[in-house]
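Please read it alongside the sequence and the coordinates.

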Amino acid sequence: MSHSHNSKNSNNMVAGSIEETEQFFAEKRKDDYRNAFFDTLHEMRNNPENCDFALEVEGETIYAHRLVLSVASPYFAAMFKNETKEKATGFVKLEDIHLTAVETIVEYIYSGEIALTEENVQSVCTTSDYLQIEWVKRECVEFLKRNINATNCLQLRRIADKPPFNELCECTHDYILKNFVILIHKKEWLELPFEVIQDLIKEEKLAVACI
């Protein structure tokens, strides 16, 4: 009986291993397909004839596919769902937005990878907020929180002074309080809105930081 029981357990283990192996390769095939699919779309984007939409930014044209933009961005999804001028012409002109930020975001949409640097992260952050691409905005906020310093904190405080960036606002606020004596001599201090300066000065934490 013991031998039969062991044999049954052994068969179950083998069956389980086979199922896990098959599942592993099934998932791998899915990943390979997804990768191949997006790689092909990415290559097609290099040829304007294969694209059905264009974005003009700072005089440059970025070609893309409506479907891909719609999946990634509620901003574009709404544009193509409604009878807009952009939908009819297959073209949108994005004003007051940096070219490098849009290029970085479109690259992310097609590749799933985002290349953030200290030079581009602020513009990518505000552009992703405008285009309603939450994942990119979240990555930008986390990057900025990790890299707050005396050089950028006052500028970040101005950028973060609206609801979508509450978390970043709190981080920059705390950093300014802790480093008030150094930061008050920077010209960026005078560029902060009066209400922000007033709130900072009234903070109890500020007195502790200045002692």
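Which residues are exposed on the other side of helix 9? They are Glu170 and Lys178, where exposed means over 50% relative accessible area, buried under 20% and partly exposed in between (1.4 Å probe, protein chains only).

The model is predicted, so local features need pLDDT of at least 70 and side-chain atom pairs count only at pLDDT 80 or more, while totals for chains, interfaces and linings use all residues. Residues are numbered from 1 along each chain as its sequence is written, and side-chain values use heavy atoms, with hydrogens and water left out.

**Helix 9**

Helices (H or I, at least four residues) and strands (E, at least two) are DSSP runs, numbered from the N terminus. Helix 9 takes in residues 166-178; at 1.5 Å a residue its 13 residues should span 18 Å, and the 19 Å between its end C-alpha atoms agrees. That expected span is 1.5 Å times one less than the number of residues. Buried in helix 9 are Leu168, Cys169, Thr172, His173, Ile176 and Leu177. They lie on the same side of helix 9, because they cover an arc of only 165° around the axis; the arc is taken over the directions from the helix axis to the C-beta atoms.

Three strands form an open sheet in the order 2-1-3, with mixed pairing. Strand 2 (60-64) and strand 3 (91-93) are the edge strands, each pairing on one side only. Two strands pair if DSSP finds at least two bridges between them. Strand 1 (residues 53-57) pairs with strand 2 in the antiparallel sense over five bridges. Phenylalanine 53 has alanine 64 of strand 2 as its bridge partner.

Axes are lines fitted to C-alpha atoms, for helices over the stretch in contact (heavy atoms within 4.5 Å), and angles run from 0 to 180 degrees between N-to-C directions.

| Helix | Strands | Angle |
|---|---|---|
| Helix 3 (residues 74-81) | lies across strand 1 and strand 3 | about 125° to strand 1 |
| Helix 5 (residues 99-111) | touches strand 1 and strand 2 | about 10° with strand 2 |

Tyrosine 63 sits in strand 2 and is partly exposed at 32% relative accessibility. Beyond its neighbours within four places in sequence, tyrosine 63 contacts Arg45, Pro48, Cys51, Phe53 and Ala54.

**Cysteines**

With a disulfide taken as a pair of cysteine sulfur atoms within 2.5 Å, the count is zero. Cysteine 125 is in no disulfide, the nearest cysteine sulfur being that of cysteine 140, 4.7 Å away. Cysteine 125 is buried, at 1% relative accessibility. Cysteine 169 is also buried, at 13%.
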